Amino acid sequence: KNTIRKLLISPFLLLIYFYRIVISPWLGPKCRYNPTCSQYAIDALKKYGMIKGLWKAFIEYRVVTPGVAVVMILLEKNLPFVMILLENVLLLFSSL
């Protein structure tokens, strides 16, 4: 069970480490929180596993990043419109 858990979370950990090593230095220090979202995601993945860890990391990112919260609120309020729009886009691409 522990080996399967490690195998499931390892691609996500690799993505986070790639972000921290390659992408984050280009963006510069922007996070004012400690631990950072990436560290919180690593800890959550290791403690809770893939599904619950990703969910907790997403919630943490949504809470500390104002732009994400605004987009999520707009999507929640306009969910019927968004669903119709996505359905039309899928129909358009499936007909090509």
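Mentor: We begin with the order of elements: from the N terminus on, the protein chain runs α-α-α-α-α. Please bear in mind that this is a predicted model.

Trainee: How many helices and strands does the protein chain contain?

Mentor: The protein chain has five helices and zero strands. Its accessible surface amounts to about 7900 Å², and carbon and sulfur atoms account for 71% of that.

Trainee: What share of the residues of the protein chain counts as buried?

Mentor: Of its 96 residues, 16% count as buried. As for contacts between residues at least 6 apart in sequence, 50% of them join residues at least 24 apart.

Trainee: Which residues make up the largest nonpolar core?

Mentor: The general idea comes before the case. In soluble globular proteins, nonpolar side chains tend to be buried together. Here the largest nonpolar core consists of seven residues: Ile9, Leu13, Ile16, Ala41, Ile42, Leu45 and Ala57. Helix 1 and helix 2 each contribute at least two residues to this core. Leucine 45, one of the core residues, touches Ile9, Phe12, Leu13, Ile16, Met50, Gly53 and Leu54, when residues up to four places away in sequence are not counted.

Trainee: Is serine 38 buried or exposed?

Mentor: The cut-off for buried is under 20% relative accessible area. Serine 38 has a relative accessibility of 13%, and therefore counts as buried. This serine 38 lies in helix 2, and its side chain makes a polar contact of 3.3 Å with the side chain of arginine 20. Apart from neighbours within four places in sequence, serine 38 is in contact with Ile16 and Arg20.

Trainee: Where does lysine 56 lie, and which residues does it contact beyond its neighbours within four places in sequence?

Mentor: Lysine 56 lies in helix 3, residues 50-64. With those neighbours left aside, its contacts are Tyr40, Ala44 and Tyr48. Lysine 56 and tyrosine 40 are 16 residues apart in sequence, while their C-alpha atoms are 8.7 Å apart in space. Lysine 56 has a relative accessible area of 26%, so it is classed as partly exposed.

Trainee: Which residues form a nonpolar patch on the surface?

Mentor: The patch comprises Tyr17, Phe18, Tyr19, Ile21, Val22, Ile23 and Leu27, with about 620 Å² of accessible area together. Valine 22 belongs to helix 1, residues 2-27. Its relative accessible area is 32%, so valine 22 is partly exposed.

Key. Residues are numbered from 1 along each chain as its sequence is written. This is a predicted model: local features need pLDDT of at least 70, side-chain atom pairs count only at pLDDT 80 or more; totals for chains, interfaces and linings use all residues. Side-chain values use heavy atoms; hydrogens and water are left out. Patches are made of residues with over 30% relative accessible area and no salt bridge: like charges are joined within 9 Å, nonpolar side chains (Val, Leu, Ile, Met, Phe, Trp, Tyr) within 5 Å. Accessible areas come from the Shrake-Rupley method with a 1.4 Å probe; for residues, only the protein chains shown count as cover. A salt bridge is a side-chain nitrogen of Lys or Arg within 4 Å of a carboxyl oxygen of Asp or Glu. Helices (H or I, at least four residues) and strands (E, at least two) are DSSP runs, numbered from the N terminus. Buried means under 20% relative accessible area, exposed over 50%, partly exposed in between (1.4 Å probe, protein chains only). A nonpolar core is a set of buried Ala, Val, Leu, Ile, Met, Phe, Trp, Tyr and Cys residues joined through side-chain atoms within 4.5 Å. Contact means heavy atoms within 4.5 Å. A polar contact is a pair of N or O atoms within 3.5 Å; within protein, one must be able to donate a hydrogen and the other to accept it, and residues adjacent in sequence count only if both atoms are side-chain atoms.
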